[in-house]
Amino acid sequence: MIHWYKIDKASMPALNSITKLSIAGKTICLVNYDQELFAVAWKCPHAGADLSTGWCENKQLICPYHRHAFDLSTGRGAIGQGNYINTYSLEKRGDDWFVGMKSSFFKRLFRK
Ligand code: FES
């Protein structure tokens with residue numbers, strides 16, 4: 001089940017930049033790449049670098065440590081890397097943006 005969380009306007013990244021924010025107990029990166037918005041994981045699966053300090057090229061997020069590249073739409077790592085990052089759905093409602101996150105089985109199980 002996907003829950004939608006409103007993104008604080010102050011957390012929105014400027015054009016061609018990346019912000020890191022916590023939402024619903026999760027930390028994610030918001031990426032504004034050529035006026036298109038993406039929500040992806042903040043931590044590189046290779047050795048744990050903070051992807052919010054990386055940069056974008058050719059619609060890929062580049063890790064600042066060892067230059068692994070991840071497709072902004074799918075999260076798929078470049079050929080030969082054998083890794084990926086999570087991506088999250090985004091939706092614009094009026095002037096507000098929302099990010100969709102799956103709730104875990106255990107959260108659903110113990111919710112009142
Ligand atoms: S930590 Fe990201 S490529 Fe190595």
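Modeller: Helices (H or I, at least four residues) and strands (E, at least two) are DSSP runs, numbered from the N terminus. With that convention, N58 is placed in the loop between β5 (55-57) and β6 (60-62). This is a predicted model, in which local features need pLDDT of at least 70 and side-chain atom pairs count only at pLDDT 80 or more, whereas totals for chains, interfaces and linings use all residues. Residues are numbered from 1 along each chain as its sequence is written, and side-chain values use heavy atoms, with hydrogens and water left out.

Biologist: Which elements does the protein chain contain, and how do they run from the N terminus?

Modeller: The protein chain has nine strands and one helix. Their order from the N terminus is β-β-β-β-β-β-β-β-β-α. The radius of gyration (taken over C-alpha atoms) is compared with a globule rule, 2.2 Å times the number of residues to the power 0.38. For the protein chain the radius is 14 Å, close to the 13 Å that the rule gives for 112 residues, so the chain is as compact as a globular protein of that length. Along the principal axes, its C-alpha atoms fill a box of roughly 45 × 30 × 20 Å.

Biologist: How should I read phi at N58?

Modeller: Most residues other than glycine have a negative phi. N58 is not a glycine, yet its phi is positive, about 50°. D34, also a residue other than glycine, has a positive phi near 50°. The loop that holds D34 lies between β3 (26-33) and β4 (36-41).

Biologist: Is N58 buried or exposed?

Modeller: Buried means under 20% relative accessible area, exposed over 50%, and partly exposed in between (1.4 Å probe, protein chains only). N58 is exposed, with a relative accessible area of 64%. D34 is exposed as well, at 52%. In the protein chain, 38% of the 112 residues count as buried.

Biologist: What does D34 touch, leaving aside its neighbours within four places in sequence?

Modeller: A contact means heavy atoms within 4.5 Å. Beyond those neighbours, D34 is in contact with L15 and N16. The C-alpha atoms of D34 and I18, 16 residues apart along the chain, are separated by 12 Å. For the protein chain, 39% of the contacts with a separation of 6 or more join residues 24 or more positions apart.

Biologist: Which residues of the largest nonpolar core touch the most other members?

Modeller: In soluble globular proteins, nonpolar side chains tend to be buried together. A nonpolar core is a set of buried Ala, Val, Leu, Ile, Met, Phe, Trp, Tyr and Cys residues joined through side-chain atoms within 4.5 Å. The largest core here has 15 residues, and V31, L51, L61 and I85 touch the most other members. At least two residues of this core come from each of β3 and β4. Apart from it lies another core of nine residues, including I23, I28, A39 and Y88. As for V31, its contacts beyond four places in sequence include P13, L37, F38 and L72.

Biologist: Where does L37 lie, and what does L37 touch?

Modeller: L37 belongs to strand β4 and counts as buried at 17% relative accessibility. Not counting residues up to four places away, L37 touches M12, P13, V31, N32, L90 and W97. L37 and W97 are 60 residues apart along the chain, with 9.6 Å between their C-alpha atoms.

Biologist: How is W55 placed in strand β5: buried, exposed or partly exposed?

Modeller: W55, in strand β5, is partly exposed, with a relative accessible area of 30%. Beyond its neighbours within four places, W55 is in contact with I18, Q60, L61, I62, C63, P64 and R67.

Biologist: With which residues is T74 in contact, apart from its neighbours within four places in sequence?

Modeller: T74 is in contact with I85 and T87. T74 lies in the loop between β7 (69-71) and β8 (87-93) and counts as partly exposed at 41% relative accessibility. From C-alpha to C-alpha, T74 and T87 are 6.5 Å apart in space and 13 residues apart in sequence.
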